[in-house]
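Me: Can you walk me through this one? I'd like to go over the strands, then the contact between the chains, then the overall layout.
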Amino acid sequence: MGRAIAFLTRTRNPGRVDWTDLLAYAYLVLGVLLILAPVVWLFVSSFKSQRALIESDPRFLPYEQVTAVLPGSSRPVNLVEWTAPDGTTRILAQLRLSGANVVLADPAKPDETFQVPRRDTRPHEIVRARFENYSEPTLGGGAAGTFRFGLYFGNSVFVTVVATLMTLAISSMAAFALAKYRFAGRDVFMLLIVATLLMPATVILVPLFIVVKNFGMLDSLWGVIIPGAATPTGVFLLRQYMLTIPDELIEAARMDSASEWKIYYKIVLPLALPAIAVLAILSIIWRWNDFLWPLVVLSRSETFTLQLGLSSFKGEMLDATHYLLAMTVLTLLPVTFVFAFLQKYITTGIANTGMK
Amino acid sequence: MAAEAEPGPSAVVDTTDGGPAMRWVVTPLLAAFEPPMRWLQTKLGLRGLPYVFLLPTMAIFGLFSFLPALLNIYISFTGGASTILADRPFVGLRNYEALLACESIFVPKSCPVSGFGFWTGMWNTLLFAVIQVPIMTAVALATAIVLNREIRARGFWRALFFYPVMLSPVVVAVVWDWVLKRRGILNAGLTEFAEMRNALAAWGPLETVAKIAALLVVAALARRLWTLRAKGAWAVAALVACAGAAAWLVFAWDVRATVATQAWRPVNWLADANSSWPFFWVVFVYTWSHLGFFMLILLAGLQAIPRDLYEAAEMDGTPKWRAFVRITVPLLMPTLLVVLVLSLIRAFQIFDEVYVLTGGGPGTATRMVIQEIYESAFVSDAKLYGVAAAASVLLAGVILVLTLVQLALTRRKAGA
């Protein structure tokens, strides 16, 4: 512990820890708490029983009330821990309440009931992580019903993968043309691509919907994929990078009578891979998290993406919090893993493009 | 901004070969396009080929950006619920009238039905932007400055602050809804906190302990300030007087009254119609989830400031705060302006988080303009495409101006 504190508080010029350093670390710790605490709380809560969630049990661990079915009855009753006046504790079945008292019985001998003050008893609970919250909506079983995780997950993966591949292909082609050729109207094309920044999907929702509908892509994943496949950010990110590829390489290939297409995919594309990787990561995040446009295009639940499924599930199944939380965790896990492994490239990529 | 000197995004993949995926899947796939492209090359020549490369991107932009942008204006002059353009009757300015024929646009109630929704949303969005943008910029700047210091594990901290940006708006909304429920963890924590304070107030030696601690603080401060005695006798007198007054205040302090509190009454944070809490939490949650993005841009701006400027200032004995005002602030200003405008553009388009978190409620307290457009076109039975398009045109005007400002700023920054 002491070493951990020493590690965290050490500055790069040792021996000079002044109050601004302390302030900086206090700020960081507070910020990280504020950022992580809600996510951690969601994660922990997702393992709790439906009952604990309805009762909003504020405890960190997933406690669960133990119940037992007494002989001669079909309804399970709660077990309580009773502390006898002599200090011993016993685990008994709670049959009913009676004023400030509670009627208890030994589970083995349910006929011999006796009353004790309620304050001498407390619920008999165990810590149990409910993996059923995860398995029932994904693998079936239980009452998960309308939430078809596999379907939504498949739709989301399809949209993300196909749209990203498409974006990479067409953006790199456009970037190649803009970076490596001189042709009439090049500046006009650049200007047109910048101009698309002025018309984000949010302000052309209605006509975009009508265009997509007339193409027959409504309620189809293609209606989500294609309109967003071209991105000005992507084209400019790649063009900027391709400008650094020396023209001599291309000239040399032309000498060897390579076709332009071959130059594109054999020389320029492999050399631009770092920028393409950044665009791939950005596109994956955009597509996985996209909400408004899929909401407009997709109205049948068979075509829902994970985000849409989650959002409609949140609105409709008010008493299925245990599934909602577990499915939310499953939705955030992929991006969390991608982020954990690639955060350096994601953060440099975004800092360099200034776009999201 | 991509024009900054950085040699592009650092190498994600070390080899240009790209590994097996590239070699076995991508390259053969692209090789299949070789014959048709070679044919096109012989037909069009080197001058015509760039247009072929641009075609897919420009076709998508044309069909799904430029065409809709033009159609938007046309649809805003048509009525009816049809999605076939030929079936939509021309109605002139009636859709705009439905939005703008108010006695006063500042009082949405004085507008026609559609205008009521639109202006409620517009003013909510404006209020949101005006409150949220300065807060976001200030917090992002503070975070960037802290992260730009010579601290341990900087990458780790930076990643943590950025993490919420990765989460989808729906996930963010579920996370915070779970925290902010009436019986959620925040209310539970505040209840617990109030109980702890009352338990502390009931603790016997509290009075003595608190007063001794306060006196120690006063003594420490007085000792620090004792160097001022060199300024003369009046300074000593003032110091003694202040110390005496502080000590008297400590003795007069009713510790228990300060510590004790009423039991916490749980607040329905997201649904309490009689308070500003829902709006507050919308601002908070949105800032929480987007802060990291702007922090990152500001951090890049801070790191682009040459170190030797600070070293020169240090050699001249310039105090730290002065170096901040004279070096950091002016050199960061272009980045800061871009962040301001970019966050304004985003704030005007807010929808996802709010829609899932509050649904625009309670009442219309957090109903934003995009939600109004979305619902009047796609959710309402009337399918008011024309009105929604007219509202989009009005909103597009705002976005257009802001984006032009952003582009001008970015260009100037890249040129500088």
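Reply: First, a term: two strands pair if DSSP finds at least two bridges between them. The model is predicted.

Me: OK. In strand 5 of chain A, which residue does A:Gln94 stand opposite?
Reply: A:Gln94 stands opposite A:Leu104 in that strand.

Me: How many bridges join strand 4 of chain A to strand 5 of chain A?
Reply: Five bridges, and the two strands run antiparallel. They form a hairpin with two residues between the strands, where A:Gly99 takes a positive phi near 65 degrees.

Me: And which residue of strand 6 of chain A faces A:Leu104?
Reply: A:Phe114 in strand 6 of chain A stands opposite A:Leu104. Strand 5 (residues 101–106) of chain A pairs with strand 6 of chain A in the antiparallel sense, over six bridges. Those two strands form a hairpin as well, with two residues between them.

Me: Is strand 6 of chain A well covered or hardly covered?
Reply: Hardly covered. Strand 6 covers residues 109–117 of chain A, and the count of buried residues among its nine residues is zero.

Me: Back to strand 4 of chain A. What does it do on the strand 3 side?
Reply: Strand 3 of chain A and strand 4 (residues 89–98) of chain A pair in the antiparallel sense over five bridges. A:Trp82 has A:Arg90 in strand 4 of chain A as its bridge partner, and A:Leu79 stands opposite A:Ala93 in strand 4 of chain A.

Me: What about the turn there, which residue has the positive phi?
Reply: A:Gly87, with a positive phi near 95 degrees; the hairpin of strand 3 and strand 4 of chain A has five residues between the strands.

Me: Which strand pairs with strand 3 of chain A over three bridges, with residues 67–69?
Reply: That is strand 2 of chain A, which pairs in the antiparallel sense with strand 3 (residues 76–83) of chain A. A:Val69 has A:Pro76 in strand 3 of chain A as its bridge partner. Strand 2 and strand 3 of chain A form a hairpin with six residues between them, and A:Gly72 in the turn has a positive phi of about 85 degrees.

Me: How many bridges does strand 3 of chain A have with strand 7 of chain A?
Reply: Three bridges join strand 3 of chain A to strand 7 (residues 121–123) of chain A, and the strands run antiparallel. A:Val80 stands opposite A:Pro123 in strand 7 of chain A.

Me: New topic, helix 4 of chain A. Which residues are buried?
Reply: Helix 4 (residues 132–139) of chain A has A:Asn133, A:Tyr134, A:Glu136 and A:Pro137 as its buried residues. Just after helix 4 of chain A, A:Gly140 takes a positive phi of about 95 degrees.

Me: Now the two chains. How many residues are in contact?
Reply: 97 residues of chain A are in contact with 96 residues of chain B. Helix 15 (residues 321–353) of chain A gives the most to the chain A side of that contact, with 17 residues. By class, the side of chain A that touches chain B has 67 nonpolar, 22 polar and eight charged residues.

Me: How much of chain B is buried?
Reply: Buried residues make up 35% of the 416 residues in chain B. Of the contacts in chain B with a separation of 6 or more, 69% are between residues 24 or more positions apart.

Conventions: Residues are numbered from 1 along each chain as its sequence is written. Chains are lettered from A and ligands numbered from 1 in the order in which they are written. This is a predicted model: local features need pLDDT of at least 70, side-chain atom pairs count only at pLDDT 80 or more; totals for chains, interfaces and linings use all residues. Two residues are in contact if their C-beta atoms, placed from the backbone, lie within 7 Å. Helices (H or I, at least four residues) and strands (E, at least two) are DSSP runs, numbered from the N terminus. Ala, Val, Leu, Ile, Met, Phe, Trp, Tyr, Cys and Pro count as nonpolar, Asp, Glu, Lys and Arg as charged, and the others, Gly among them, as polar. A residue is buried if 20 or more other C-beta atoms lie within 10 Å of its own, exposed if 12 or fewer, and partly exposed in between; C-beta atoms are placed from the backbone.
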